Amino acid sequence: MAFFVLFYLIIVSLFYSFYKQLVIEDAKREVTSILKTTNALRHYIENVQKPVIYKLQYNQELYKDFFNPKILSASYISRNIHKRYADIQLLQNKIPYKYKLAATNPRNPQNKADEFETKILNQFRSGEIKEFSTILTEKNQEYFFTAIPIDRNKRSCMRCHSKPELAPNDMVKIYGKTAGFNEKIGDIRAIISLKIPVSNIIQNHIKDFFISIFIVFILFIIFYIFIYIIYKKDIKLQNEREELLMHQNKLASMGEMIGNIAHQWRQPLTQLSSILINIELHFDRNKLTKEKLMDKIEEANGQISFMSNTIDDFRNFFSSGKEKKDYKIQEVIELSKHLMSASLDKNHIHLNIDIQNNFTLFGYPNEVTQAFVNIINNANDVLVEKNIKNKFIKITTFVKKDKNIITIEDNACGIDIAILDKIFEPYFSTKHASIGTGIGLYMTKTIIEKNNNGTISVANTDKGAIFTIIFKQTSPKLN
């Protein structure tokens, strides 16, 4: 769940960055449209309004040197229109912005371009750019800045911007003889720009942002539920698969253990038969005394008790035992030896047990016994298959650096290096299909690592193979 929360926060952060960029792009289009409208207004003043005034002067309806910026200055008119528009925006709690006309040779000092604006203006003049937008940081606040150039100077512009002596006297009286003059036809005199606080742009669209985030949240929840359902189904299928494999493994082990029970019972059955024959002989010879009969009954009960205990051992081995408990490692190893003793004796395999540390573990002892039996049985089969002389299996337990370690080693000449990494895979077996299921070592790994918080690995020695099992946990009572 924590992963999905973190993932959602990352998604929201990325979405915010994307949304911010989207809003700024939208603002850029809107601002550029406003600036282009301003240029259209300037074009109207230059090409429609001014010619009307000049015609009135030519017809002497206005005196020749008449000049009033409120009528004839496109910069003055545009600036005041934008000022009025900005005031309306503020009154309506809409996005505030700052409009500016910037020139390197302005007639009005407040239109003087700063270093940044001069650089942009020169790029427009050289033809490097046609529009300009960026994010500025001033006094720890971000601003969205967009600029476009005004129209290039035409011949009609030269009346007011070429030489002072050609300009109306009223203009010269207002602005002097230096500022705004000596321009040339085709030059770009100025840029017009809008500067808007980014926070205001975001704030103006914050409602849309939260609606979008809510939709993303709903989609994320649906996605999470979908993934969770798939995850639960996958876990269920895995558990069912492991239970099936465990069941198959136990069925395979059961077949092997029935043979072991038969071997375990052969000697006591023979002994019982001998006891009965002995009783019969004594009876036929009239030598069956009460004391003799009681001795033989006691001897027979001992053999029956041994057989009963054997059945109990095998029954306990196959019980589910799904409750964790404390157990000594020697108990599990001795039980594993007992369960496999008949098969090992039959194949003349010596099982050597070296308990250097009889540590206590907390888990499922029946399952761990199953794992040991799988490994011992596997070594048993390989030793027989390869017809090894002086066959042996050695189990050693010891503690090293707070780790409880069990090694199970044989002298069956080792595992082919080509398959060493595959022996714990399900259904992988080097045995014929009639005798090998390929799930024994896979279930051993599952039992040790998934169910009992341990690790298992295998390697080759100079004599054979060695399985190393490490349990990190001890009994909770010892912690």
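Q: What makes strand 10 and strand 11 a pair?

A: Seven bridges join strand 10 to strand 11 (residues 465-471), and the two run antiparallel. Two strands pair if DSSP finds at least two bridges between them, so seven bridges meet the rule. Strands here are DSSP runs of E with at least two residues, and helices are runs of H or I with at least four, numbered from the N terminus. Thr455 stands opposite Ile470 in strand 11.

The model is predicted: local features need pLDDT of at least 70, side-chain atom pairs count only at pLDDT 80 or more, and totals for chains, interfaces and linings use all residues. Residues are numbered from 1 along each chain as its sequence is written, and side-chain values use heavy atoms, without hydrogens and water.

Q: Why are strand 6 and strand 10 said to stand at the edges of the sheet?

A: The open sheet has five strands in the order 6-8-9-11-10, with mixed pairing. Strand 6 (350-355) and strand 10 (454-460) each have a single partner strand, so one side of each is left without a neighbour in the sheet.

Q: What makes helix 10 a helix that packs on the sheet?

A: Contact means heavy atoms within 4.5 Å. Helix 10 (residues 329-346) touches strand 6, strand 8 (392-400) and strand 9 (403-410). Its direction makes about 175° with that of strand 6; axes are lines fitted to C-alpha atoms, for helices over the stretch in contact, and angles run from 0 to 180 degrees between N-to-C directions. Helix 12 (residues 440-451) lies across strand 10 and strand 11, at about 140° to strand 10.

Q: How many cavities are there, and what makes a space a cavity?

A: On a 1 Å grid over the protein atoms alone, a cavity is a set of points where a 1.4 Å probe fits but cannot get out. The count comes to two cavities of 30 Å³ or more.

Q: Which residues lie nearest the centre of the largest cavity?

A: Lining residues have an atom within 4 Å of a point. The largest cavity has 26 of them, and Ser73, Ser75, Arg107, His161 and Arg189 lie nearest its centre. Helix 3 gives the most to this lining, with four residues.

Q: How many residues lining the second largest cavity are charged?

A: Asp, Glu, Lys and Arg count as charged. The lining has six charged residues, and its members include Arg42, Glu46, Asp151 and Arg189.

How values were computed
1 Å grid on protein atoms, 1.4 Å probe; cavity = no way out; pocket = protein on both sides within 12 Å on 5 of 7 lines; lining within 4 Å. Points joined across faces, edges and corners; volume = space filled by probe spheres on them.
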